[in-house]
Amino acid sequence: MSEITRLSLSQARDRLQAGELSSKELTEEMIAAVTAARPLNAFITETPERALEMAQASDARRAAGEEVGVLEGLPIAIKDLFCTQGVLTTAGSHILDGFHPTYESTVTANLWRAGAVMLGKTNLDEFAMGSSNMTSYYGNVINPWRRRDDDTPLVPGGSSGGSAAAVAARCAFGATGTDTGGSIRQPGAFAGIVGMKPTYGRCSRWGVVAFASSLDQAGPMTRTVRDAAIMLEAMAGYDPKDSTSVNRPVPSYEAAMTGDIRGLKVGIPKEYRVEGMPEAIEALWHQGMEWLKAAGAQPVDISLPHTKYALPTYYIVAPAEASSNLARYDGVRYGLRVPADSLDEMYEMTRGEGFGAEVKRRVLIGTYVLSAGYYDAYYNKARRVRTLIAQDFAKAFEEVDVILTPTAPSAAFGMGEKMDDPVAMYLNDVFTVPASLAGLPGISVPGGLSPEGLPLGLQLITGAFEEEKLFRAAGVLETAAGFEALPKFLAGE
Amino acid sequence: MTESATATAPSDSTSSHSTTGHLVKGKTGPWEVVIGLEVHAQVVSHSKLFSGAATAFGAEPNAQVSLVDAAMPGMLPVLNRVAVEQAVKTGLGLNARINLHSVFERKNYFYADLPQGYQISQYLQPIVGEGYIDLDLPDGETRRVEIERLHLEQDAGKSIHDQHPSKSYIDLNRSGVILMEIVSKPDMRTGEEAAAYLRKLRSILRYLGTCDGNMEQGSLRADVNLSVRRPGEALGTRTETKNLNSLRFIQQAVEAETKRQIDLLEKGGQVVQETRLFDGATGKSRSMRSKEEAHDYRYFPDPDLLPLDLDQGWVDEIKAALPELPDAKKARFEDAFGLSAYNAGILVAEKETADYFEALIAIAAEGAKRPKEEVAVKCGNWVTGELFGALNKAGLTIDESPLSAEALAGLIKLELDGTLSGRIAKEVFFAMWDTGKPAEAIVEEKGLKQISDTGALEAIVDDIVAQNPEQTEQYRGGNQKVLGWFVGQIMKATKGQANPGVVNKILRAKLDAD
């Protein structure tokens with residue numbers, strides 16, 4: 001029955017609407033696929049009973065002729081950074097042991113309201129800190145893809161690696177991700193799927209475990225651009241409980257995908273030609289431009305002069321905020337507590353055991369850059385540079401509609417590679433971080449395969465709240481690329 | 001809790017104070033004491049600074065805690081508009097600059113009753129800038145104390161250490177409650193001035209309705225920054241004494257710390273910059289932490305909150321709706337009603353007293369069919385005299401007074417229309433206090449009406465004069481003092497009810513005529 005799990009989200013929706021399939025049937029198939037995909041370790045918590053209940057409720061709504069949501073009856077997976085009422089929520093960390101929220105994040109509540117069905121909670125780098133999914137307390141996720149003639153297990157990227165692997169392995173029609181510096185787009189590229197990060201403020205952060213508040217943004221991870229458009233429509237919206245969420249209407253992103261990009265100006269930033277980038281990625285980037293040109297778009301060479309400062313800026317701002325955001329995990333009210341004789345000792349033991357090495361590294365970096373005497377040299381300077389980076393984009397978008405870049409400087413790498421060198425690991429985010437710092441929407445679309453047979457992604461970026469334009473361009477790119485390759489591991493096949 | 005805020009050099013306005021006396025004698029010469037206050041005022045509001053949880057005092061532990069207050073994962077703060085309005089109102093009441101752009105920052109430190117691991121506060125850009133308060137000193141002088149800033153911040157929860165031998169309990173009811181921190185410049189020189197400053201600040205906050213000023217419940221608490229120096233010299237090293245929750249403690253703490261610092265310096269020692277904790281039971285303070293042990297709070301703008309941008313029009317609306325504040329009210333009582341500065345000062349110090357007084361003169365004026373300015377002085381004397389005396393004796397506040405403004409106005413009316421003499425009126429006052437009956441009922445019951453009937457009084461005067469030929473002779477012989485003796489006899493005969501003015505007139509006519 002792999003035919004069903006191989007459907008795209010929009011195809012499955014159409015079949016449901018046509019009455020050819022029930023949500024229960026879809027969901028049962030997907031639950032079986034989730035079980036079959038266990039070797040990937042993509043899920044921390046599976047929720048098959050809840051999924052079936054939700055599916056049956058959806059079928060009942062449809063049967064009763066009630067108005068149905070845009071995701072009615074469609075089973076999806078949730079990154080385990082979203083708080084889900086009554087369902088274990090871990091953030092991939094030991095320190096949240098046994099934490100069952102009494103509340104539902106706004107984004108997931110929106111999804112359930114739109115009719116979606118929850119398959120479970122997907123694995124991630126601890127507190128979303130990582131680009132490989134190697135930092136999860138619940139073990140690493142394995143990328144369903146393999147290099148040609150090479151069985152070395154590969155990382156799915158991160159931090160939304162579990163979501164990426166689940167969608168790629170066809171055990172969810174879509175999944176939520178969160179993106180702080182590339183955590184949706186980079187794993188999307190590594191797993192050969194679409195990963196979309198909306199404008200900062202488009203999706204509520206309420207109920208999402210915070211990593212870096214000024215950067216964190218939820219978004220969809222799906223097999224097609226259309227699926228991402230449908231899913232974002234359900235996720236997005238103003239939330240008075242999040243002071244940084246923006247009050248503007250959510251348009252129909254799917255309707256914006258007209259396929260017509262004639263006259264669209266596409267910026268090619270020269271600063272994204274980095275040294276040592278594989279030739280295949282350079283070639284795909286060029287090819288991507290040719291595809292868009294063939295559809296009537298117009299290439300424009302642009303400059304984003306402060307690009308080279310984006311990565312160091314990000315690795316100051318994000319850890320600074322994280323060091324403060326993670327202070328609440330102190331063993332006092334919820335999660336892990338390691339008992340000790342004094343309060344200070346309890347903090348030390350709890351946080352020492354509860355946090356993994358990467359989280360500790362970032363808390364230390366963040367504490368350092370905010371400390372008296374270092375604050376101006378690091379944090380304040382980073383804030384100023386961040387403004388310059390945003391201005392680079394603002395200036396570029398006076399001239400162009402979208403910007404086209406590679407998503408990541410490499411294809412998926414082997415597990416354990418780059419683990420001894422955090423800086424090499426951080427370089428994975430070099431193309432995704434600038435848009436994050438500027439709060440702009442970006443999408444990674446699978447463009448082709450590397451010589452080793454691994455998927456490579458192309459990234460499109462637009463101005464703030466220009467998601468419609470982004471989906472339109474991404475849809476055209478997707479059609480032109482015609483990416484049909486499948487990962488080696490497909491759930492249940 | 002901006003520990004650096006009062007470390008700044010004295011402002012221009014304060015340098016002139018350094019020579020205005022108030023010196024403390026040491027063994028080696030005179031010292032000048034330099035005092036600044038940081039006051040934490042809990043804002044009157046139904047909900048917390050960044051959550052909808054309730055704030056009522058005395059609730060069961062952890063009964064008023066939202067997910068935000070408990071810092072559950074993924075929870076976000078949303079600024080309470082009432083808090084902003086109250087801060088702006090207070091700023092305007094302190095004659096201060098309102099900063100239309102201000103920023104909430106995180107102050108990071110670990111403590112069990114600080115769930116987020118940081119306090120959301122304002123640091124570099126507070127909502128209110130410089131302002132001032134004028135103090136009325138006992139010698140009649142006015143002393144201006146300048147305000148450095150006012151900012152909004154969250155309160156922490158409460159740790160309870162005495163319920164279990166080895167464990168502490170945490171009550172988060174107070175976590176997230178709205179505080180205003182009001183920082184003065186180092187403009188005070190004595191404990192009395194410091195207490196007068198807090199008393200005046202409290203009065204203004206209560207007039208504004210932005211803080212209930214309840215020091216016992218901790219709604220208002222002060223930290224004292226104090227240093228000493230030789231007159232004319234640069235500022236000395238200061239200490240901060242924390243958590244003084246009564247006016248008496250502030251004075252005690254100032255005196256104790258002044259003595260401690262002077263003793264230390266005169267013995268050749270040095271004052272260490274430190275935070276000290278005052279113990280009300282012993283009247284002494286002890287070191288809590290030194291500058292070296294001070295936290296590095298790693299302040300940075302809270303990325304969960306946008307900068308706060310206010311509209312000048314909104315600020316103007318709040319300004320237009322401000323109530324009359326004690327200084328303006330005192331001036332009005334003096335100018336419009338002819339009250340003495342002393343009485344006016346007493347009547348405006350507490351908002352409740354002023355409200356009582358204003359109600360009293362309104363009713364009394366109406367009852368006596370006279371303009372307010374003709375009854376105000378008498379009303380003022382009644383309130384500051386008999387009423388305050390009786391309230392003090394009974395340990396009651398004016399809100400708890402058994403005599404309402406209506407009741408007291410009823411009494412004053414009888415005095416004003418000549419029904420009662422001043423002395424009888426006082427007697428009636430106490431009868432009212434004891435029985436709760438209105439003045440007229442008591443006068444009726446006891447037959448205390450003043451006798452102003454000339455005919456009746458003439459008969460009594462005739463009798464008394466006739467019975468006392470000796471005294472009559474003395475008067476006629478030129479001894480005017482005997483007139484007083486005659487008045488006394490007549491008052492005695494009428495049980496004090498005779499109208500003394502009328503008696504005097506009749507008596508003189510009788511004695512002079514014959």
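Two residues are in contact if their C-beta atoms, placed from the backbone, lie within 7 Å. Helices (H or I, at least four residues) and strands (E, at least two) are DSSP runs, numbered from the N terminus.

This is a predicted model, in which local features need pLDDT of at least 70 and side-chain atom pairs count only at pLDDT 80 or more, while totals for chains, interfaces and linings use all residues. Residues are numbered from 1 along each chain as its sequence is written, and chains are lettered from A and ligands numbered from 1 in the order in which they are written.

**Confidence**

The predictor gives the complex an ipTM of 0.96 and a pTM of 0.90. Its confidence in each residue is pLDDT, from 0 to 100. For chain B the mean pLDDT is 90, with 96% of residues at 70 or more. Residues 1–20 of chain B stay under 50, and the model has 32 contacts for them beyond four places in sequence. Where pLDDT is low, the predicted coordinates should not be read in detail.

**Domains of chain B**

The bounds below come from an automatic or database domain assignment.

| Domain of chain B | Residues |
|---|---|
| domain 1 | residues 24–295 |
| domain 2 | residues 326–446 |
| domain 3 | residues 454–513 |

Between the C-alpha centres of domain 1 and domain 3 of chain B there are 67 Å.

**Helix α12 of chain B**

A residue is buried if 20 or more other C-beta atoms lie within 10 Å of its own, exposed if 12 or fewer, and partly exposed in between. In α12 of chain B, residues 439–446, the buried residues are A439(B), I442(B) and V443(B). They lie on the same side of α12(B) because they cover an arc of only 100 degrees around the axis, taken from the directions from the helix axis to the C-beta atoms. An α-helix has 3.6 residues a turn, so residues three or four places apart point the same way. The buried residues of α12(B) pack against α10 (405–416) and α11 (422–435) of chain B. On the face turned away from them are the exposed residues E444(B) and E445(B). After α12(B) comes G447(B), with a positive phi near 60 degrees.

**Where the chains meet**

In chain B, 24 residues are in contact with 31 residues of chain A. The chain B side consists of 16 nonpolar, four polar and four charged residues.

R328(A) sits in the loop between α11 (310–325) and α12 (343–354) of chain A. R328(A) counts as buried because it has 21 C-beta neighbours inside 10 Å. Leaving out residues up to four places away in sequence, R328(A) touches A71(B), P115(B), Q116(B) and G117(B).

Note on methods. Ala, Val, Leu, Ile, Met, Phe, Trp, Tyr, Cys and Pro count as nonpolar, Asp, Glu, Lys and Arg as charged, and the others, Gly among them, as polar. pLDDT is the predictor's confidence in each residue, from 0 to 100.
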